[in-house]
Amino acid sequence: MAEKGLKDYKAPKKLDAYRLLEVFTASDGRMSILVVLLGFLAGTIIVLAVGRNPGNMFAALMQAMTGWDLTRGVWNIRYVGEWLALSTPLILTGLSMGFAARAGLFNIGAEGQYIVGLTIAQFGALYLPQIPVLHVVLCVLLAAMGAAIWGGIVGWLKARFNASEVVATIMLNYVAFYLSRWVTMAIPGANTYKTPNLPQSAQLDAGFLQLFTNGSNLNYGFFIALLSVLAYWWIMERTRLGFSLRATGLNRDAAQASGINANRSAVVSMAVAGAFAGLAGAVVALGSFNFGRVLSGLDNYGFSGIAVALVGNSTGMGIGLSGLLFGLLASGQPLMQSRGIPKEITLIISGLVVVFVSLRAGVRMFIAWRRRLSVAAAEALDA
Amino acid sequence: METYAVDMIDISKAFPGILANDKVRLSVRSGEVHAVLGENGAGKSTLMSVLYGLYEADSGTIRIRGADVTIRNPNDAVAQGIGMVFQHFKLVHDYTVAQNIILGMEPRTRFGHIDLKSAERRVTELSSRYGLIVDPKARIEDLGVGAQQRVEILKTLYREADILILDEPSAVLTPQEVDELMAVIRRLKAEGKTVILITHKLREIKAVADRCTVLRRGKTVATVDVASTGEDELAALMVGRAVNFTVDKKPGTPGKPVLEIRGLTVKGSRGHEAVKDLSLSVCAGEIVGLAGVDGNGQSELVRALAGIDKPSAGSVFLNGSDITRTSVRERTELGLAHVPEDRHKHGLVLGMRLDENLALKTFYKAPLSKKSGALDFKAIAAKAERLIKQFDLRAGKGPASKAEDLSGGNQQKAIIARELDLSPDLLIVSQPTRGLDVGAIEYIHRRIVAERDKGRAVLLVSFELDEVMALCDRIAAISRGAIIGELQGDEADERLVGAMMAGMKGEDYKKAAAAGKEARRG
């Protein structure tokens, strides 16, 4: 092309804003940080607009993150534990969404897969032999496997009948929800909202973690999330399976033409996505409650996972960090309220972060469109 | 100072990273056929888009018939009497010719209904005046490509354009249709129209153009009188150096058949039989060219041969073993390489790195993968380094460059590198040089011939008759999904292959040609 001519050519001014956009969207990580900062900035403005002191908001988030209560000068590490505990299922459902997204599928069914995992974990807790360690490990594994099948079905429908995974997962969310209520209520001794207590051998509670975090809810589930982040990164970036999935996600046609089985990619990616969501279900069931729950409504971890994966750019590390961010906003809520900041502010911030992330996609499309124009200029006409 | 029909002065237009037009000057005399010649990326389409109001120039002046004008959109251009016929037609397939032509400026009856009768009358009138034969009541979907192009030209004439821009008009036509088009262009000129012909085909310029403006890398190189300029001079102006058009190749020594296609039938996307009972074989050490106009089943055939789509009947043999039901990967392992027609859709994963793209077909096994299922990134990068060197790939960040950041020629070279590195027994190449500049074309042609000389079987699918004629040892013409006839490379002549591409049996054509000679003699 005419690169040589560019040196002595002064680009017209309107290109400058465009270049700025291009720089920002060039790096996913940079963009995510910017987006989060913008979200907090908007949150600050809203707090000011309703006549409250935004300093209180940041103090609350500070306390949620470090345990330091700046206003009273007290330190309680329990808050840190709660933050990490709240982040755990968010990270796992974020991984679920992200894994499918990298393979080009929109897994809106993490909620249903989460419910399947949660239900199976509860059943395992109540019915499997109460052997220490082995009991809880089996419960977690079965939950992941069950949810993997639940997700894999969608992948299979996609591969076999080209059924939209979006529609299929949404429908299966409801199936999972009502199925879970029905079978859980059938457990002897269960009433309309809970089952008998789960045995200690099936719980994820870690005494040393509680001790260390001053009695917080932090449990082994957090390590499951950390291991999952690591596994996610390794599979996606380092293995040939991840390579096939990424290629399928970026260009299904080229992947197929090169001999990658796109149908297999769909099934595998949805199954692994389901497994991550199932782990989230198991962690909540066995880590946060000592009885089995008959769900009365959706926990919404699955749907929050969509936002987590979006902000985390569907990379392992990114999802881990973004899960921690969303966990922070959740665990900061009561602290804000006690400082006179409406807790809805955190929802607004997380909502705005998602909106800004989506804007990034829009900006990307704009840049892609500009690029197409320049490609059109370069090669619209066959030479 | 002379008053030009179109005078574009110092037009500059930049796109991100590319200065597509750099103070380009184009002066078209009234009533002439003016060719705009340039390689892909030279900026000719950008220049025409500026003239037609699709892009606004960053700087420069446009004068139409001596008056400065501002053209912000195609409506402004039409108001100035400028009409443009695009390479990809913009017609509504369910509508008739007349309906398409009046679309957007329908004549009305007194009662506000569309006055189709008068429209059809006017279309008939125009078509007889300019020799653009087409039935105004025919539906577009029933028309051939040549006729559709005539409709597009009529559309501009209906809008009373007297400056017509034809964008690569011959790209989609058979040689016979090209001749008809040349006649139409002459007729347009005779009727006083000004024609701007965008092309890279020197022969057409010599045939109809009065003057020619050559663009190279976004700049005007020269404007010359066609009559006093030779084809080789035009080519040298276009490329910036002397060009060797002929491909150096020794006669081939075909061995045993490598690819055998027997009675293959493939359904197209609309459920019709895109390939019908097709049989063809390709031997070791020969290049067989599949000549045909776009859309005659070539794409479907190649996809079925590559294993992407399943044929509905017939079988395919590679080195004597039946591969009809095997997967793409199994075929790769058995020695089939495939350079797809659409490099962006099927050839590359644009969002991945160059080294990943080069590994796309072999990443799953040693040496690129370890037993554990993990990829060996060192081996992948080493392979990329080797191919970059071997195939002279130009990539800014080496193996780490994103595929989408490579130029078109380098993208194509990357695919060719990946496929040839498989050391295939059979190489299927589809449209290997579409949209590439002359340097890249020469290189790719040399590589294809080198593969043949190594004793490999090559099936070349191309819509460019010149390419097929230059490279192939044997030419098979495809029309409506069937092989119309086969010719040895040395007995192929452009007329003959053209007639076969249009669906005429070779023997019939020879007879017809002989009869014609007879008649003329008598």
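Where is the place of Glu168(B)? Select the loop between β7 (163–167) and α6 (175–190) of chain B. Helices (H or I, at least four residues) and strands (E, at least two) are DSSP runs, numbered from the N terminus.

Before going on, note that this is a predicted model: local features need pLDDT of at least 70, side-chain atom pairs count only at pLDDT 80 or more, and totals for chains, interfaces and linings use all residues. Residues are numbered from 1 along each chain as its sequence is written, chains are lettered from A and ligands numbered from 1 in the order in which they are written, and side-chain values use heavy atoms, leaving out hydrogens and water.

**Backbone stops**

Stay on Glu168(B). Its phi is positive, about 45°, although it is not a glycine. Most residues other than glycine have a negative phi, and most peptide bonds are trans. Glu168(B) is buried, at 2% relative accessible area (buried is under 20%, exposed over 50%, partly exposed in between; 1.4 Å probe, protein chains only).

Next, select Gln431(B), in the loop between β17 (426–430) and α15 (438–453) of chain B. Gln431(B) has a positive phi of about 50° and is buried at 4%.

Then pick Ala366(B) and Pro367(B). A cis peptide bond joins them, with omega about 5°.

**Salt bridges**

A salt bridge puts a side-chain nitrogen of Lys or Arg within 4 Å of a carboxyl oxygen of Asp or Glu.

Show Lys383(B) and Asp421(B): their closest N and O atoms are 3.4 Å apart. Lys383(B) lies in helix α13 and Asp421(B) in the loop between α14 (408–420) and β17, so the pair ties together parts 38 residues apart in sequence.

Finish at Lys454(B) and Glu451(B), bridged at 3.0 Å, N to O. Lys454(B) is exposed at 52%; Glu451(B) is buried at 1%.
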